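Here are my notes for a first reading. Please keep the model open while you go through the points.

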Amino acid sequence: MVEQSSLSEIMHDHRNDLSDANSVDSAFSIDSGVVTTQEINELDFSSTTTEKLFHELQRVKEDLKFKDHEIRRANELRENTDREIEDLTSSLFESAHAMVDQAKQAQVNTEQKLKVSNQTIEALVLENVQLKKSVSELKQILNSCRTSLNMSDDQHNVDDMLLREFTCWDEKPSIERDASLFIYRVYNEDILPCLSFPNIELSSKVLEAIESNNITMEVCHSFGNMKMCSLMGELCQCDYRIRLNENSSWYLISRLARNRVMTYFLFSFQ
């Protein structure tokens, strides 16, 4: 029993010595700054991981910066595209409205010209009917005069020259100015005085335009406004206008001047 107790004590003391030795080695290692191989490996791994994470962080930042730049470019492109679409849409609407307005104005002008043309045609038709009626009455009067002359025994009260001219014309009736002496006399004594207006120069041009069939006449209502008649030279209501050719200016004329011009015009084209 004594020996066992001594042995137990000896083993206990040895264990204590080993524990003290380990404690001394540990203390010595810390105090002397000596690091174990495991600790060194752990430190190297931690440093490498940190560096990798840093580089990964830098790469992510660059990617985010590039994506932000691309997003800004996309937004600017979208804004420019939207603005161009708005401008184009506005321009198209303005063009469409302008085309519609032009079409409406053209339609109004065409309708107005058609109305004026219809009125002019109606007036010409009426004048033509009246002139034909007048010509018919004139022929009846001439026939009556001729019959009366033939039945009359007293020939001394008749102008023999005029009678001979009329007889020659009656054989081949024509209203051409140089066709016979009778019509030539009618032109000089009756027709031409009808176109003798105060504006002599314009009167001569009107006569030439009628004979060359270049004259144009149309209605232009003045609605009570007094204007200067180009032929009469008087301030009056001018509801008509004439043009001597396609390149000529328009001349305002009164109803009286128009009737005198129209009489000769219709007589010339019978």
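1. Start with Asp-63, which forms a salt bridge with Arg-59; the closest N and O atoms are 3.1 Å apart. The model is a predicted one. The two residues are four apart in helix 2 (residues 37-151), so about one helical turn separates them. Asp-63 is partly exposed, at 33% relative accessibility. Arg-59 is partly exposed too, at 43%.

2. Glu-189 counts as partly exposed, with 48% relative accessibility. Arg-185 is partly exposed as well, at 24%.

3. Next, look at the strands. The side chains of Arg-241 and Glu-218 meet in a salt bridge of 2.4 Å, N to O. Arg-241 lies in strand 4 (residues 240-243) and Glu-218 in strand 1 (residues 216-219), so the bridge ties together parts that are 23 residues apart in sequence. Arg-241 is partly exposed, with a relative accessible area of 26%. Shared partners also join salt bridges into one network, made of Glu-56, Arg-59 and Asp-63. The structure holds six salt bridges.

4. Two arginines sit over rings. Arg-241 lies over the face of Trp-250, 4.1 Å from the ring centre. Arg-260 has its charged end over the ring of Phe-197, 4.1 Å from the centre.

5. How many aromatic pairs does the structure hold? There is one. Phe-166 is in helix 3 (residues 160-171) and Phe-182 in helix 4 (residues 181-194), so the pair links distant parts of the chain, 16 residues apart. Phe-166 is buried, at 10% relative accessible area. Phe-182 is buried at 13%.

6. Which residues of helix 5 are buried? They are Leu-202, Ser-203, Val-206, Leu-207, Ala-209 and Ile-210. Their arc around the axis is only 165°, which puts them on the same side of helix 5. Ile-200, Glu-201 and Glu-208 are exposed on the other side. Just after helix 5, Asn-213 takes a positive phi of about 60°.

7. Finally, check Ser-254, in the loop between strand 5 (250-253) and helix 6 (255-268). Ser-254 is buried, because its relative accessible area is 7% and the cut-off for buried is under 20%. Beyond its neighbours within four places in sequence, its contacts include Cys-229, Met-232 and Tyr-240.

Terms used: Residues numbered from 1 in each chain as written. Predicted model: local features only at pLDDT ≥ 70, side-chain atom pairs only at ≥ 80, totals over all residues. Heavy atoms only, no water. Buried < 20%, exposed > 50% of the residue type's maximum accessible area, 1.4 Å probe, protein only. Contact = heavy atoms within 4.5 Å. Phe/Tyr/Trp six-rings, centres within 6.5 Å; stacked < 30°, edge-to-face > 60°. Lys NZ or Arg CZ within 6 Å of the ring centre and 35° of its normal. Arc of directions from axis to C-beta. Salt bridge = Lys/Arg side-chain N within 4 Å of Asp/Glu carboxyl O.
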